[in-house]
Amino acid sequence: MSMIIDHVSYIYGEGTPLARKALSDININIPDGQFVGIIGHTGSGKSTLMQHLNGLLKATEGHIYFNGEDIYDADYDMKKLRGKVGLVFQYPEHQLFEIDVFSDVCFGPKNLGLEKKEVELRAYDALRKVGLPEELYYQSPFELSGGQKRRVAIAGVLAMKPEMLILDEPTAGLDPKGRDEILGQIKKLQAQTGMTILLVSHSMEDVAEYVDRIIVMNQGTVMMDDTPREVFRHYRELEEVGLAAPQVTYIMHALKEKGLDVDVDVTTIEEAAAELVRVLK
Amino acid sequence: MLRDITLGQYYQTESIIHKMDPRVKLGGTLLFIISLFFFKNFLGYAIAAVFLGIVIWLSRVPFKFMVRGMKTIMLLLMITVLFNLFLTPGTPVITIWKLTITAEGIRMAVSMAVRLSLLIIGSSLMTLTTTPNNLTDGMEKMLRPLRVFKVPVHEVAMMMSIALRFIPILLEETDKIMKAQIARGADFESGNLIKRAKALVPLLVPLFISAFRRANDLAMAMEARCYRGGSGRTKMKPLIYEKRDYVAYLCILVYLVISIFVGRLSF
């Protein structure tokens, strides 16, 4: 699959006195199987852009091509698009509503018009993929813990078997263990299914650890689009727009200034540890 | 999407009417509306219109906002006019096919139309110049004497203020939940009435849960700040009458006397 965002702009409240340009001329090409991180300050347009990719919002200018088709074509099936491009919102547990966990996860595939057997199969599969213990499948979703609820919500989207999965701050409000679990599960998912994943996050560490490519958004435009190493090398520019590099990068820079000949382009703790071992041997 | 619903239509600007005590505006509007029902001749309506016109001018709210309130009752107005025009018995003036328009009919129709219009514009003026919270404060203060009859005035006013406060928050929540469910393939737009009602379940259940959760948190926050109800509770910005409020009451009184006197003269 591929997603091509072509000269997309979006104006909030077009025609009203409160009109605001949320996206300006966005051009992004996302090939199959990539794990992309989207970072940016609040208000930079990242959530707005994500909502364009599954047709929730319609661009005021430009086109979006999913698998070669223009999603703004008159006869394009938006429902089908939403089956292929799964979007998990922030605090997704707020969307849970069914009597039990299993029924809630079935909601998505049911909306796709699939047969009962296929729906249930997908629900089981999705719940297994997020690592939810089986004894919880028939409990009310409101009796679960925050982290468990979140997994159910993510399973609800996975059950639609999307080709592309967009996660808007999936670790918001979770403790460090919860964060590692969710992100670890997502990485495993990507390795297993080859899904394209877009991870919107505020945490540079999360993004550095897991993604192949980082897109930095600022005030409705794409500021940077490169590998994590390259993006964080320009940490000064990131700081100017209210972002930063991972903590570990700053440590390496500080060490270099003190005379230790380390590679400052390190972005994760593991890399830093390996680098320090190499230099101090 | 849902954010376009503007509530209470408060128009922000600086004017003597905006600064007035909400009790004056509430009482004044009520008395104005009541006065409209006392008139027997058109001179009364004319005086009312002039009075309203002066207040509108003082309020500095553009006239087109006043007329917005009229749009909603246009249908009602039309029906009222037509019914009165064609169904009032009396001396016939014109006959179109089988329908007769009487002189009394014309009189009633115009009278009704004018009364309704003045009523709507008068009430619009009140909501355009007073914030919903201001109105609630005014009502609470005015209804305070009812506490003697064990009416929970403070509690009701508090509930109204909280409800008003949470409307935009819950609207936003509805928007979010709707989008999340649409992203899972939910369809809120197609299908017959029953189907659409069923489709609202994935929207309403999370919304209710969310509302209860917020209510719980708010209650705890209020208690943690020593809220115990209305007894002994003071206000940061108490409603105190100023000179302009007394002048306003005087003007309203003068208007009432003149308009009802003139409006009931028969000629």
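Predicted model: local features only at pLDDT ≥ 70, side-chain atom pairs only at ≥ 80, totals over all residues.
Let me begin with helix α5 of chain A, where the elements covering its buried residues include strand β6 (85-88) and helices α3, α4 (116-129) and α6 (176-193) of chain A. Residues are numbered from 1 along each chain as its sequence is written, and chains are lettered from A and ligands numbered from 1 in the order in which they are written.

Some terms first. Helices (H or I, at least four residues) and strands (E, at least two) are DSSP runs, numbered from the N terminus. A residue is called buried if 20 or more other C-beta atoms lie within 10 Å of its own, exposed if 12 or fewer do, and partly exposed in between, with the C-beta atoms placed from the backbone. Two residues are in contact if their C-beta atoms, placed in that way, lie within 7 Å.

Staying with α5(A), eleven of its 13 residues are buried, so that the helix is mostly covered. Among those buried residues are Val152(A), Ala153(A), Ile154(A) and Ala155(A), and also Lys149(A), Arg150(A) and Arg151(A). From its first C-alpha to its last, α5(A) reaches 18 Å, close to the 18 Å expected at 1.5 Å a residue, where the expected span is 1.5 Å times one less than the number of residues.

In the loop between α5 and β7 (164-168) of chain A we find Lys161(A), whose phi is near 50°, a positive value in a residue other than glycine. Lys161(A) is partly exposed, with 19 other C-beta atoms within 10 Å. Gln219(A), in the loop between β9 (213-218) and β10 (221-226) of chain A, also has a phi near 50°, and it is partly exposed, with 15 other C-beta atoms within 10 Å. As background, most residues other than glycine have a negative phi.

Next, the sheet. Four strands of chain A form an open sheet in the order β2-β1-β4-β5, with antiparallel pairing, and two strands count as paired if DSSP finds at least two bridges between them. Strands β2 (20-30) and β5 (69-70) of chain A stand at the edges, each with a single partner strand, so one side of each is left without a neighbour in the sheet. Strand β1(A), residues 3-12, pairs with β4(A), residues 61-66, over five bridges, and with β2(A) over seven bridges.

Taken as a whole, chain A has eleven helices and ten strands, and buried residues make up 41% of its 281 residues. Its radius of gyration, taken over C-alpha atoms, is compared with a globule rule of 2.2 Å times the number of residues to the power 0.38; a compact globule of 281 residues would come near 19 Å, and chain A, at 20 Å, agrees.

How many residues does each chain bring to the contact between them? Chain A brings 20 and chain B brings 16. On the side of chain A that touches chain B, α2 (78-84), α3 (101-111) and α5 (146-158) of chain A each supply at least two residues.

Chain B has ten helices and two strands. Its radius of gyration of 24 Å is well over the 18 Å that the globule rule gives for 267 residues, so chain B is more spread out than a compact globule. Of those 267 residues, 20% count as buried.

I will finish with helix α10(B), residues 243-263, whose 21 residues should span 30 Å at 1.5 Å a residue, in agreement with end C-alpha atoms that are 30 Å apart. Its buried residues are Ala248(B), Tyr255(B), Ser259(B) and Gly263(B). Because these cover an arc of only 30° around the axis, they lie on the same side of α10(B), the arc being that of the directions from the helix axis to the C-beta atoms. Their cover includes α2 (22-36) and α3 (42-59) of chain B, whereas on the other side of α10(B) the exposed residues include Tyr246(B), Leu250(B) and Phe261(B).
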